[in-house]
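Me: Got a two-chain model open here and I'd like to talk it through. Can we start with where the chains meet?

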There are 2 protein chains.
Amino acid sequence: MIVVKIGGTNGINFGAVCADVAAHVQTGQKLIVVHGGSGETNAISERLGHPPQFVTSPSGFTSRYTDRATLEIFAMVTSGKINTLIVERLQKLGVNALGLSGLDGRLMVARRKEAIRIIDPATGKQRMLRDDYTGKIETVNGHLLWLLIEAGYTPVIAPLALSPEGEALNVDADRAAAMVAGAVEAERLILLSNVPGLLRQFPDESTLIPHIDKARVEQSLEFAEGRMKKKVLGASEALQLGVAQVIFADGRTDDPIANALAGKGTVIS
Amino acid sequence: MIVVKIGGTNGINFGAVCADVAAHVQTGQKLIVVHGGSGETNAISERLGHPPQFVTSPSGFTSRYTDRATLEIFAMVTSGKINTLIVERLQKLGVNALGLSGLDGRLMVARRKEAIRIIDPATGKQRMLRDDYTGKIETVNGHLLWLLIEAGYTPVIAPLALSPEGEALNVDADRAAAMVAGAVEAERLILLSNVPGLLRQFPDESTLIPHIDKARVEQSLEFAEGRMKKKVLGASEALQLGVAQVIFADGRTDDPIANALAGKGTVIS
C-alpha cells in the first residue's frame with residue numbers, strides 16, 4: 001500500500017499526479033490519495049467576502065484560523081471541489097476513485113484544539129484563541145479504507161475530521177496522510193509538493209537532502225521552513241506508526257510517484 | 001430499506017429530518033438519504049459572481065442551465081457543503097453517516113444530454129442548448145451501497161453523476177433518489193419537500209391528494225406544478241423499478257419520516 005499526499009500548493013501538476021496514480025493502480029498497486037486545498041480555499045474565501053486569516057504559534061508553526069464560517073468554506077472547497085475534481089480526473093483515467101472526508105464513516109476522528117496559543121500579529125505577544133475549528137487526528141478508521149480497497153475502490157481523502165462530539169474540523173493534510181498511512185500499515189508515504197524535497201538551505205534546490213535516517217527525522221526540523229515543518233512532523237508520526245519509508249518529492253514533474261519510488265526527493269527510512 | 005429524499009427548498013426542517021432519520025436508523029431500519037441543493041447553489045453562485053440560469057423545456061420542465069463553471073459550483077455546494085453538513089448532523093446524532101456523490105465509485109452513471117431543447121425566454125421560440133452538463137441517470141452501483149450499509153454505514157448522496165466518458169454531471173435529485181431506491185430494491189421512497197404532498201390545486205393545501213394508484217401515476221402529472229413534475233416522474237420510475245410505495249410528504253414537520261410512514265402525504269402504491 002502507498003499513500004500519496006498531493007499538496008494544494010501552486011505548481012503541483014495535478015494532471016501528471018493523477019496519470020501516475022492511474023498507472024500505478026493499473027499494475028495492481030493499492031493506493032490511497034490524500035489532498036489539501038489551502039490555496040483554493042483562500043481564493044474562494046476572498047470571493048465570498050470572508051478572507052482567510054492565519055495564525056502563528058510561539059514555536060513558529062503557521063496555520064489557518066478556522067472559525068465556523070471558514071470551516072464551512074473549507075469543507076465546500078476541499079471536499080466539494082478539489083476532491084470531486086480529483087475523483088473525476090481519476091475516473092476518466094479508469095481508476096474507480098471514491099472521495100471521502102474524515103467525517104464520512106468517522107474516517108478521521110480528531111481532538112478539537114479547544115484553545116490555541118498564538119502570537120498576536122498586532123502586539124507580538126502571546127494570546128489564546130478559542131473559537132477555532134481545527135483538530136489533531138487521533139484515530140483513523142482503517143476498516144473502512146480496507147473495505148473499499150478490497151472492493152476495488154481507490155479512496156481520495158479530503159482533510160476534514162470529526163470530533164468525538166460530532167463537530168467537523170479542519171485538519172492538516174500532511175499529518176492526515178501520515179495517520180492514514182499508519183492506519184492501513186502502508187509501506188510508503190509520498191508527500192508531493194512544489195519543492196524537490198527537504199532543502200538544507202530553502203529555497204536553494206541544490207541543497208536537497210537525499211536521505212534522512214528515521215532515527216534523526218526530528219533533528220531535520222531545523223532545516224524545515226514554513227509548511228515543510230508539518231511534513232517533517234507527519235513523516236515522524238508515520239514512521240512511528242510503522243510506515244517503512246516516507247518520501248518528500250516533487251509534485252511538479254511528469255512522473256512524480258514513479259520518481260519518488262525511484263528515490264528522487266528526500267527519502268526518510 | 002427506505003430511501004429518503006430531502007429537498008433543498010426553503011422551509012425544510014433539516015434538524016427534524018435528521019433527528020427522524022436517526023430515530024429510524026437506531027431501530028435497525030436500513031436507510032439511504034439523498035439530498036438536493038438548488039437553493040444554496042443559487043445563493044453561492046450569486047455571491048461568486050456567476051448567477052444561476054434556468055431553462056424551460058417545450059413540455060414545461062424547468063431545469064438549471066449547467067455550464068462547466070456552474071457544475072463546479074454545484075459540486076462544491078451540494079457535495080462539499082450540504083452533504084458535509086448533513087453527515088455532520090447525523091454523526092452528532094449517533095448515525096454513522098457516509099457522504100457520497102454519484103462520481104464516487106461510479107455510484108450513479110448518467111447519460112449527458114448532449115443537446116437540450118429549450119424555450120428561449122427572449123423570443124419564446126425553441127432552440128438547442130449544447131454546453132450543458134446535466135445528465136439522466138442510467139445505472140446506480142447498488143453493490144457499493146449494500147457494501148456500506150451491511151458494514152453499518154448510512155449513505156448520504158449528493159445529486160451528481162458521472163458520464164460513461166468520465167465527466168461530472170448535475171442530475172435531478174428526485175430522480176436520483178428514485179433510481180437509488182430501485183437499485184437497492186427499497187420498499188419505500190419518501191420525497192420530502194415544502195408542501196404536504198401532491199395538491200389538486202397548487203398551492204391550496206386543502207386539495208392534497210392522499211392516494212394515487214400506481215397504475216395512474218402518469219395521469220397525476222396534470223396536477224403537478226413546477227418541481228413537483230420531476231417528483232411525479234421520479235415516483236413513476238421508482239414504481240417501475242419495483243419500489244412498492246412512494247410517498248410525497250411534508251419536510252417542514254417535526255417527524256417527517258414517521259408521518260410519511262403513517263400515510264400522511266400523497267401515497268402512491
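Me: How many residues of chain A are in contact with chain B?
Reply: 28 residues of chain A are in contact with 28 residues of chain B, where contact means that the C-beta atoms, placed from the backbone, lie within 7 Å. Keep in mind that this is a predicted model, where local features need pLDDT of at least 70, side-chain atom pairs count only at pLDDT 80 or more, and totals for chains, interfaces and linings use all residues. Residues are numbered from 1 along each chain as its sequence is written, while chains are lettered from A and ligands numbered from 1 in the order in which they are written.

Me: Which element gives the most to the side of chain A that touches chain B?
Reply: Helix 3 of chain A, with 12 residues. The elements giving two or more residues there are helix 3 (68-92) and strand 5 (97-101) of chain A. Helices (H or I, at least four residues) and strands (E, at least two) are DSSP runs, numbered from the N terminus.

Me: And how do the residues on that side of chain A divide?
Reply: Into 12 nonpolar, nine polar and seven charged. Ala, Val, Leu, Ile, Met, Phe, Trp, Tyr, Cys and Pro count as nonpolar, Asp, Glu, Lys and Arg as charged, and the others, Gly among them, as polar.

Me: Switching to chain B, what is the strand order in the open sheet of eight strands?
Reply: The order is 5-10-2-1-13-15-16-14, with mixed pairing; two strands pair if DSSP finds at least two bridges between them. Strand 5 (97-101) and strand 14 (211-212) of chain B are the edge strands, each pairing on one side only.

Me: In what sense do strand 5 and strand 10 of chain B pair?
Reply: In the parallel sense, over five bridges. Leu98(B) has Pro155(B) as its bridge partner in strand 10 of chain B.

Me: Back to chain A: how do helix 5 and helix 6 cross?
Reply: The axes of helix 5 (residues 173-183) and helix 6 (residues 228-240) of chain A come within 8 Å and cross at roughly 10°. Axes here are lines fitted to C-alpha atoms, for helices over the stretch in contact, and angles run from 0 to 180 degrees between N-to-C directions. Helix 5 and helix 6 of chain A are therefore roughly parallel to each other, the word used for angles under 35 degrees.

Me: Which residues make that contact?
Reply: Among them are Asp174(A) and Met179(A) of helix 5 of chain A, and Lys230(A) and Leu233(A) of helix 6 of chain A. The residues of this contact divide into seven nonpolar, two polar and five charged.

Notes: Contact = placed C-beta atoms within 7 Å. Parallel < 35°, antiparallel > 145°, perpendicular 65-115°, else oblique.
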